[in-house]
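Thanks for opening this one up with me.

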Amino acid sequence: MNVRIQLSRQTVKAMQRRLQDAYQRDDVRLVRRIQALLDHLVNELPVAVLSTQWGFSPPCFYEWLTALILDGLNSLGYTSSGGRKAKLTPSQKKRLGELIDAGPEAAGFGAGCWTLRASCCAC
């Protein structure tokens, strides 16, 4: 049995706005989700083609589609996975990455390795 789902112009425009917001936030998961739904529902691309193109399973897509049908535009988002908030600021994280990339000697350590184990360094 084939079922055709048709979205109103208003819904398509709202989804496109959310897609643009996801692009601006660099939210790759949400971009993939919304774009796949739009490609299937508006452009009528097959789920098999979309799953290969975007790297998700067909059952995953049908969960997204079901959520869109049941919850509407509220389903187009991801909630926080939980966990403690980061203690480092973005600038501190960037500085830490630079220190790690430069190596332990550039960070002020006398040996050329990050571990305390003596077997790692040629002492």
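Predicted model: local features only at pLDDT ≥ 70, side-chain atom pairs only at ≥ 80, totals over all residues.

1. Most residues other than glycine have a negative phi. With a relative accessibility of 61%, D26 counts as exposed, because the cut-off for that label is over 50%.

2. You will find E44 in the loop between α2 and α3. A positive phi turns up just after α4 too, where G72 has a value of about 65°.

3. Now for α1 itself. This helix has 16 residues, and its first and last C-alpha atoms are 23 Å apart, close to the 22 Å expected at 1.5 Å a residue. Its buried residues are V12, A14, M15, L19 and A22. Looking down the axis of α1, these buried residues fall within an arc of 160°, so they line one face of the helix. The other side of α1 carries the exposed residues R9, Q10, R17 and Q24. As for partners, the buried residues of α1 pack against α2 and α4.

4. How many of the 14 residues of α2 are buried? The count is 10, so α2 is largely enclosed by the rest of the structure. Among them are L30, V31, I34, L37 and L41, and the buried set also includes R33, Q35 and D39. These buried residues pack against α1, α3 and α4.

5. Helix α4 runs over residues 58-71, and its 14 residues should span 20 Å at 1.5 Å a residue, which agrees with the 20 Å between its end C-alpha atoms. Buried in α4 are F61, W64, L65, A67 and L68. Seen down the axis, these fall within an arc of 160°, so they line one face of α4. Turned away from that buried side are the exposed residues P59, E63, I69 and L70. The buried residues of α4 pack against α1 (9-24), α2 (28-41) and α3 (47-54).

6. F61 lies in helix α4, and at 0% relative accessibility it counts as buried. Which residues does F61 contact, leaving aside its neighbours within four places in sequence? They are A36, L37, H40, V47 and F56. By contrast, the C-alpha atoms of F61 and R84 are separated by 30 Å, although the two residues are 23 apart along the chain.

7. Let us turn to charged pairs. A search of the whole structure finds 3 salt bridges. One of them joins the side chains of E44 and R4, at 2.7 Å from N to O. This pair links distant parts of the chain, 40 residues apart: E44 is in the loop between α2 and α3, while R4 is in the segment before α1. R4 is exposed, with a relative accessible area of 61%.

8. R25 pairs with D27, their closest N and O atoms being 3.7 Å apart, and D27 counts as partly exposed at 22% relative accessibility. E98 pairs with R95 at 3.9 Å between the closest N and O atoms. Both E98 and R95 lie in helix α5, 3 residues apart, about one turn of the helix. Residues three or four places apart in an α-helix point the same way, because there are 3.6 residues a turn. E98 is partly exposed at 39%, and R95 is partly exposed at 47%.

9. L88, L96, I100, F109 and W114 make a nonpolar patch of about 510 Å². W114 lies in the segment after α5 (90-102) and is partly exposed, with a relative accessible area of 47%.

Conventions
Residues numbered from 1 in each chain as written. Heavy atoms only, no water. Helix = DSSP H or I, 4+ residues; strand = E, 2+ residues; numbered from the N terminus. Expected span 1.5 Å × (residues − 1). Buried < 20%, exposed > 50% of the residue type's maximum accessible area, 1.4 Å probe, protein only. Arc of directions from axis to C-beta. Contact = heavy atoms within 4.5 Å. Patch = residues over 30% accessible without salt bridge, like charges linked within 9 Å, V, L, I, M, F, W, Y side chains within 5 Å. Areas by Shrake-Rupley, 256 points an atom, 1.4 Å probe, with all protein chains shown as cover. Salt bridge = Lys/Arg side-chain N within 4 Å of Asp/Glu carboxyl O.
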